[in-house]
Amino acid sequence: MVDILHKVGIEAPVDEVYAALTTTEGLSGWWTTDTKGNGGDIGGLLEFRFAAGGFDMRVRELDPAKRVLWEVVGGPEEWIGTQVDWSLDQEGDYTSVLFTHRGWREPVDFMHHCSTKWAVFLLSLKSLIETGKGAPDPDDVKIDSWN
């Protein structure tokens with residue numbers, strides 16, 4: 001198994017970052033404007049849609065202002081059963097976000113694409129919280145034929 005790992009510091013209180021990861025308003029502000037579901041309850045289902053397809057995530061763990069964990073239950077075959085883990089920590093004026101997309105069976109070409117796209121969207125999350133404007137799909141940076 002292989003994982004995608006990223007870290008970003010966001011100049012904001014940890015509660016603001018947590019809200020952007022657990023509410024449809026927050027999620028649609030940085031990842032994709034086509035976001036539906038319930039990210040604020042364990043067992044809730046989040047549906048994320050993009051021009052090239054989509055993902056369904058089941059909320060597995062919530063620890064307010066500390067951690068959000070999703071399991072991928074719908075989407076591309078390579079994603080099914082993987083977990084998206086957000087660990088949060090307040091460090092002075094910044095919230096540190098440790099991001100892990102774990103459980104990939106092998107480092108296929110699509111995983112490399114997804115690693116770069118996760119970095120793009122983490123910067124969108126940072127921008128949303130720090131400036132009030134993110135760059136969710138369809139306004140995100142396109143990096144290749146998968147978008």
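## Strand 1 and strand 7

Gly9 has Ser96, in strand 7, as its bridge partner. Strand 7 covers residues 94–104 and is joined to strand 1 by nine bridges, the two strands running antiparallel. Helices (H or I, at least four residues) and strands (E, at least two) are DSSP runs, numbered from the N terminus.

## Basis of the model

This is a predicted model, in which local features need pLDDT of at least 70 and side-chain atom pairs count only at pLDDT 80 or more, while totals for chains, interfaces and linings use all residues. Residues are numbered from 1 along each chain as its sequence is written, and side-chain values use heavy atoms, with hydrogens and water left out.

Seven strands form an open sheet in the order 1-7-6-5-4-3-2, with antiparallel pairing; two strands pair if DSSP finds at least two bridges between them. Strand 1 (2–11) and strand 2 (34–37) are at the edges and have a single partner strand each, so one side of each lacks a neighbour in the sheet. From one strand to the next the twist averages 20°. Axes are lines fitted to C-alpha atoms, for helices over the stretch in contact, and angles run from 0 to 180 degrees between N-to-C directions.

## Helices on the sheet

Nine bridges link strand 1 to strand 7, and helix 1 (residues 14–22) touches both of these strands as it packs on the sheet. Helix 1 also touches strand 4 (53–63), strand 5 (67–74) and strand 6 (83–91), and its direction makes about 165° with that of strand 6. Contact means heavy atoms within 4.5 Å.

Helix 3 (residues 109–131) packs on the sheet as well, touching strand 1, strand 3 (45–50), strand 6 and strand 7. The direction of helix 3 makes about 15° with that of strand 1.

## The chain as a whole

The chain has three helices and seven strands, arranged along the sequence as β-α-α-β-β-β-β-β-β-α. Its radius of gyration, taken over C-alpha atoms, is 14 Å, close to the 15 Å that the globule rule (2.2 Å times the number of residues to the power 0.38) gives for 147 residues, so the chain is as compact as a globular protein of that length. The C-alpha trace spans about 40 × 30 × 25 Å along its principal axes.

Among contacts with a separation of 6 or more, 49% are between residues 24 or more positions apart.

## Annotated domain

An unreviewed UniProt entry carries the annotation "domain: Activator of Hsp90 ATPase homologue 1/2-like C-terminal" for residues 12–130. UniProt positions are given in the numbering used here, feature names are shortened, and annotations may be inferred rather than shown by experiment. Over residues 12–130 the chain is 32% helix and 41% strand, with the end C-alpha atoms 7 Å apart.
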